[in-house]
Amino acid sequence: MPTLYHHPMSTASRFIRLVLSEYGFQVDLVEEQTWEKRREFLSLNPAGTLPVYVDDNMRTLCGATVISEFLDETHGVLKRDRRLLAEDPFQRAEIRRLTEWFLQKMEHDVTKPLVRERVHKLLIPNGLGGGAPDSKILRTARTNIRQHMKYLSWLAGSRTWLAGDRLSYADLAAASAISVLDYLGEIEWSEFPIAKEWYQRLKSRPSFRPLLAERVRGLTPVSHYADLDF
């Protein structure tokens, strides 16, 4: 069975888990604490980043973009109307643009700093960068949330799905980031009803159930996190 090295609060890891589930894959999950810099993990990915996918033939793929493109080329092309990348080149470009937006820009502006300050610092020993959260970083990231949520609301309100008429990588990438922020209670949903309705559709999908059931050691999610009708 394939193996996915991941962390439950990694947006990129969640994205690949959703892709694999939507395509009907079963994988062994190995939770990786990247700050530990395990020799065995670094031998798979010298960059020390997540996610890392090892297929049935023991071939290693590193990074969400690389893994998702590989899965599309080897399995997505067989899914027809369930393919998560469109057949039209221009539409594929739009899906890739939005996937990059949520996995890279939103990650840089919002998700990564919040997770680092609120989650990782609780788990990392003081000598390796753990400790109290930086209030300035938290304020900046929380300010950035509003702009990203406004853009998400515009996309969700003007299209059936974020990149067009069909569920795509763009939706799964956005939902991965949003689910991390929602776990932490960082989104004021009453201000973004259109984004909320879109997210309800995503979190109601079977592929989302394992994420909603998962808990991070020492950190309880907000009460509505796993509620499909929040």
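Helix axes are lines fitted to C-alpha atoms over the stretch in contact, and angles run from 0 to 180 degrees between N-to-C directions. Helices (H or I, at least four residues) and strands (E, at least two) are DSSP runs, numbered from the N terminus. The model is predicted: local features need pLDDT of at least 70, side-chain atom pairs count only at pLDDT 80 or more, and totals for chains, interfaces and linings use all residues. Residues are numbered from 1 along each chain as its sequence is written, and side-chain values use heavy atoms, with hydrogens and water left out.

The axes of helix 1 and helix 4 come within 10 Å and cross at roughly 150 degrees. Helix 1 is therefore roughly antiparallel to helix 4 (angles over 145 degrees). The crossing is right-handed (the near helix is turned clockwise from the far one by less than a right angle). Thr11, Ala12 and Phe15 of helix 1 meet Thr99, Phe102, Leu103, Glu107 and Thr111 of helix 4; contact means heavy atoms within 4.5 Å.

The largest nonpolar core has 64 residues. Such a core is a set of buried Ala, Val, Leu, Ile, Met, Phe, Trp, Tyr and Cys residues joined through side-chain atoms within 4.5 Å. Buried means under 20% relative accessible area, exposed over 50%, and partly exposed in between (1.4 Å probe, protein chains only). Among the residues with the most contacts inside this core are Phe15, Met149, Tyr169 and Trp198. The elements that give two or more residues to this core include helix 1 (11–22), helix 4 (89–123) and helix 5 (135–158). Helix 6 gives the most, with eleven residues. Apart from this core lies another, of five residues, among them Tyr5, Phe41, Leu50 and Val54. Leaving aside neighbours within four places in sequence, Tyr169 is in contact with residues including Phe15, Val19, Leu71 and Ile95.

In helix 3, Ala64, Ile67, Ser68, Glu69, Leu71 and Asp72 are buried. These buried residues pack against helix 1, strand 3, strand 4, helix 4 and helix 6. Glu73 is also found in helix 3. At 56% relative accessibility, Glu73 counts as exposed.

The peptide bond from Leu50 to Pro51 is cis, with omega near -5 degrees. Pro51 lies in the loop between helix 2 and strand 3. Met58, in the loop between strand 3 and strand 4, has a positive phi of about 65 degrees although it is not a glycine. Met58 is exposed, at 64% relative accessible area. Arg80 has a phi near 55 degrees and is found in the loop between helix 3 and helix 4. Arg80 is exposed, at 71%.

Definitions and conventions
Angles under 35 degrees count as roughly parallel, over 145 as roughly antiparallel, 65 to 115 as roughly perpendicular and the rest as oblique.
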